[in-house]
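Hi,

Here is the structure I promised to pass on. Have a look at it first, and my notes follow below.

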Amino acid sequence: MPSTDRRSVEQDGAMRAPCKSLCAVVKDGTEGTSIGLATFDSLTLTLSSTVFVEPASAGGRNLALLEAAVIQAGPDERVFVSAYDNDSATVTEKVLELLERCVPNVKVSGTKMVKDFSVESLLSEDEARKLPVDRQDLASLAMMTLASALKLGCESSFYRRCSLSRLKCDAFLRLDQAALTALHVLPTTTTGVGQSGKSLVGLLGASIRSKGGQRRIAQWARNPLVDIKEIRNRHDIVGYLLHCDALRNALLRRHLKTIPDLDRLRIKMVQVSSKQGRGHDRISLEELVRMYECLASTQDIAAEIQNTPAPSPEAQQAVEEQFVKPMNGCVHSCDRFMDLMEKCIDFEAIARDREFRIRSGITPQLEELSQHRDAAKEEMESIRQEVSRKIKTEAKLAEAAAPHYWCLRVPKKQQAAVEKTRAYKKVQINKAEFLFTSGPLELAVGRFMDAQSRYVKPTYTEASDKNLYNEAASDIQKRTVEVAATYHPAVARLADILASLDVLCSFACCALTHRMVRAEIDESSPPACIDVDGARHVLVEEARINGDIRMDEAMGEFVPNDVKMQREGTDRPDGRNGRVMVITGPNMGGKSTYIRTAALCVFLNQIGSFVPAERARLGIFRSIMCRVGASDYQIRGVSTFMAEMLDAASIIQSADEHSLVIIDELGRGTSTEDGFGLAWHITKYIAAESRSFVLFATHFHELATLASTFPNGVVSNAHVAAAVDEQTGKITFLYSIRPGPTTQSYGMNVARLAGFPEEVVASAEARASGLSAVTDKVIKQLLLRHLAEVSESRDEFIEKAHLLRV
């Protein structure tokens, strides 16, 4: 029925909240753990699935593939885990533990595997044909178990309306949970998209205007690209929006901020078209008007893009293919919807009174009641003018609670002038205003509300002629909503297009604000280089600007650094830029920031953003793995050293020549001898066997000698620079990365900087000098043992030992 419904989508409590759920079915075997994975997205009504095998190499089952797949899926409602049989119970417990760590804010629970749920009932006929013939494979079992656990068969809005897809884990860059945390990719529970400086998503999404854009950037952050064509396509569009200032400003200030939550609206439209519950009552006229305005704005966006020349043919083709053509197609497919809205909706009432209602001229009854309503409103306005003349103060009409509904309002200082006469009655006194009414106004308001109630909120207890009107008016709105709901496929396409445009426009704003540049992509496979001039950690830089990091005068501005790493066999004019970089230097000197900056540039490049640097040339990686901290393990009662070993084992088993590995301070939680030995051989294994790109920040200065044991400059050394006052011993961090290893740890200087008493530092220096000889002896023994293993002859052993001075 007609209504002046002002409900927003967010206020609709009956609406199913958009979310994604996940289910894993686990089957253990001698060759590894087979896992069937399924997800259900209630925004897109998509069931996705895949199956993969976690190898049992090295006695492991580190579940690295599952961890990456869960991070890519990003479940935010429920996660279920089911064992295929009793023999899989033990590894299922490990899967539960992993999932609880990967999605800490989502309820994770075990459930019984289901083999007989009819997934076909959720799919259209065309989609159902995509189901495999063997419905007992792990992917199908995961889908059936998930659909049963979520009780999807009980909701009629899902019947024959869901689609089927394949989870393409290999199509995206794999990230482990440590990488997400170390790079601050996603907002925490206390921050969100658009809160710049708190996370990469917050920084990149600071200019996002729509709900769909906020969801899209989180999805892209979990799924960085590995396809060079797709990456370049995003880069082309970001460059286009960065170049076209007028278009970018128009998108931000006029178009994108008016986009409603189309994903939520689409779900309502699906529910209406499925005739679930009261159907048309789920969608208000305001939501249909917002959709109409969005389509009109989309048409304007397409026209503005067409009229804005691109800086390159590639950029022109990218915006044409990704935005202009799809936008025009969506608008064209909704032509009849727009005609329907222009015929049925009273846009003059929206512009004048912000009232969303059916246009009065559609039926004679509506026209008559509209005339009565307008006449009463004119009478109210006439009374307002008369009262203003009498009290010599401008009074304004204001809405009020029942039983008054409408009254007059004046500033509170005019209360005394109003109360001089008995013709006016007090309604309410607010902090800065006085509300009152009069007899003639109450009668006019009564006539207005009578017409209003029969126009927008008809009841079925009135006279029969009014019942006939109410039925006609209700039928008009019902048919309008039901016809509009059939356009939900076009709304889904439009939501996808506008969400991507919103994110890419925000990328362009971020590139402009933070002086980012487009990286040149090295197409070598496996990746051949990370070559960045003037790289900056944009989150640290932003935090310093915002005052979130305490700084003294000596720190100054953020110091950019070059990152030069190349795979062996490529040209290296200086011979110092290896595929493995060992960085030494004092605490607080910038080692951790430096290695994260390199990974951050790779990550930003592969989600389609520009990178914070002066110039960059980057290869395309398929995974980023980190070993940086143990706070999440400690909460679960795992020691620091055990956490290091677990992460290192996962890297050793999963890293390959397409991986970028970030290691910060490995071997701290045990003795110097054990720590150095493990750090040495783990780095050696990753460098020689995995052939990954590695940045290793360490306090084991002797690890720098690893460079001399590898041919072709595979390993290079760098250190963070610091200056020490010889008289006071005060250390000043320079935060610049320089070639070669450091010669000292500066631990005592940092202790002085922290405010230790001088006598404590002096005693520590004396004790350390006595221990250094013992430590040097142990480390020399480890080095000699390693040289004996890698040397093919006695002469080669003597030569390498001489070079390393051991």
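To begin with a cysteine: is Cys510 buried or exposed? Cys510 is buried, at a relative accessible area of 4% (buried means under 20% relative accessible area, exposed over 50%, partly exposed in between, with a 1.4 Å probe and protein chains only).

Before the rest, a word on the source. This is a predicted model, in which local features need pLDDT of at least 70 and side-chain atom pairs count only at pLDDT 80 or more, while totals for chains, interfaces and linings use all residues. Residues are numbered from 1 along each chain as its sequence is written, and side-chain values use heavy atoms, with hydrogens and water left out.

Back to the cysteines. Taking a disulfide as a pair of cysteine sulfur atoms within 2.5 Å, the count is zero. Cys510 is in no disulfide, and the nearest cysteine sulfur, that of Cys509, lies 8.7 Å away. Cys154, by contrast, is exposed, with 67% relative accessibility.

Now the strands. Helices (H or I, at least four residues) and strands (E, at least two) are DSSP runs numbered from the N terminus, and two strands pair if DSSP finds at least two bridges between them. An open sheet with mixed pairing is built from seven strands, in the order E7-E17-E18-E19-E15-E20-E21. Its edge strands are E7 (174-175) and E21 (731-739), each pairing on one side only. Helix H21 (residues 591-607) packs on this sheet and touches E7, E15, E17, E18, E19, E20 and E21 (contact means heavy atoms within 4.5 Å). The direction of H21 makes about 160° with that of E18, with axes as lines fitted to C-alpha atoms, for helices over the stretch in contact, and angles from 0 to 180 degrees between N-to-C directions. Within the sheet, E17 (residues 623-627) and E18 (residues 659-664) run parallel, joined by five bridges; Ser623 has Ser659 as its bridge partner.

Elsewhere, E1 (residues 20-28) and E2 (residues 32-41) form a hairpin with three residues between them, and their antiparallel pairing spans nine bridges. E1 also runs parallel to E4 (residues 78-83), over five bridges.

Finally, some backbone details. Ala402 and Pro403 are joined by a cis peptide bond, with omega about 10°, and so are Ser525 and Pro526, with omega about 0°. Glu665 is not a glycine but has a positive phi of about 60°; it sits in the loop between E18 and helix H24 (672-690) and is buried at 9% relative accessibility.

Best wishes
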